[in-house]
Amino acid sequence: MSPTKNIIAVFKREFFSYFNSPLAYIILFIFVIAAMGFTFIVGGFLSSNNATLSGQGSFFMWHPWIYLVLVPAVGMKLWSEEQRLGTMELLATMPISPWHAVLGKYFAAATVWAIGLALTFPIILTVSYLGEPDPGPIISGYVASYLYALACLAITSAVSAFTRSQVICFIISVAICLLLFLFGFQQVVDFLLKVTPAGLDGVVRFIAELCFMTHFYEMSKGLLVFDDVLYFLSVVGVCLGITHYAIQAKRA
């Protein structure tokens with residue numbers, strides 16, 4: 001089989017496994033309800049008199065908070081389940097390279113999140129009914145949100161390749177995503193600068209630049225910067241590379 005056919009075969013197997021159980025339906029339902037609930041109830045969207053989905057407390061700014069838990073919940077089964085069921089050995093005997101398997105499974109989980117974001121389309125209809133929003137920030141906001149989800153998903157994929165326990169994978173993935181989330185807030189950076197020795201200021205600022213929110217925030221406001229897009233794609237590439245290394249090592 002060609003590489004493309006191998007990836008598609010793995011993709012179909014993984015994608016339909018999500019919807020053969022209640023997992024995907026439950027997670028997508030929670031995501032849509034949480035995104036809408038935070039926007040309308042907590043963020044006070046209807047009372048803000050502001051027909052926009054970007055900015056502080058708006059629709060897109062709630063997504064990173066939701067992704068902290070729900071993205072690892074989707075990705076924790078990618079490789080942990082294969083190891084727990086013993087199908088990793090079966091996969092190793094098939095004429096499929098580890099890269100094809102890694103990409104096929106990752107694309108399947110990524111498609112689940114694409115469906116989740118697509119299900120939030122009523123918010124676009126609502127904001128269009130209330131005013132005349134600029135489509136630019138809406139498009140860039142969705143791009144930023146999806147890239148953020150893809151990065152969290154890639155981290156979870158890498159973690160799941162090292163453990164057969166979905167619970168352990170979930171906890172570690174949430175912890176990593178939480179750190180990369182929190183260090184992107186200026187208040188957290190200012191606190192760290194106060195408590196760390198003066199000689200480590202550069203290290204703290206460097207870590208802050210590598211965090212998700214640093215690159216997500218501007219895109220969510222409508223500024224689709226190439227460097228920010230490249231950052232998230234680089235995170236995905238590095239994490240999938242780690243996943244490939246782990247799977248290759250187990251296959252050897």
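Visitor: Is Leu210 buried or exposed, or partly exposed?
Guide: This is a predicted model, where local features need pLDDT of at least 70, side-chain atom pairs count only at pLDDT 80 or more, and totals for chains, interfaces and linings use all residues. Residues are numbered from 1 along each chain as its sequence is written, and side-chain values use heavy atoms, without hydrogens and water. Buried means under 20% relative accessible area, exposed over 50%, partly exposed in between (1.4 Å probe, protein chains only). Leu210 has a relative accessible area of 40%, so Leu210 is partly exposed.

Visitor: Where is Leu210 found?
Guide: Helices are DSSP runs (H or I, at least four residues), numbered from the N terminus. Leu210 is in the loop between helix 11 (201-209) and helix 12 (212-220).

Visitor: How many helices does the protein chain have?
Guide: The pattern along the sequence is α-α-α-α-α-α-α-α-α-α-α-α-α. With zero strands, the protein chain has 13 helices.

Visitor: What share of the residues of the protein chain counts as buried?
Guide: In soluble globular proteins, nonpolar side chains tend to be buried together. Of the 252 residues in the protein chain, the buried share is 46%.

Definitions and conventions
Helix = DSSP H or I, 4+ residues; strand = E, 2+ residues; numbered from the N terminus.
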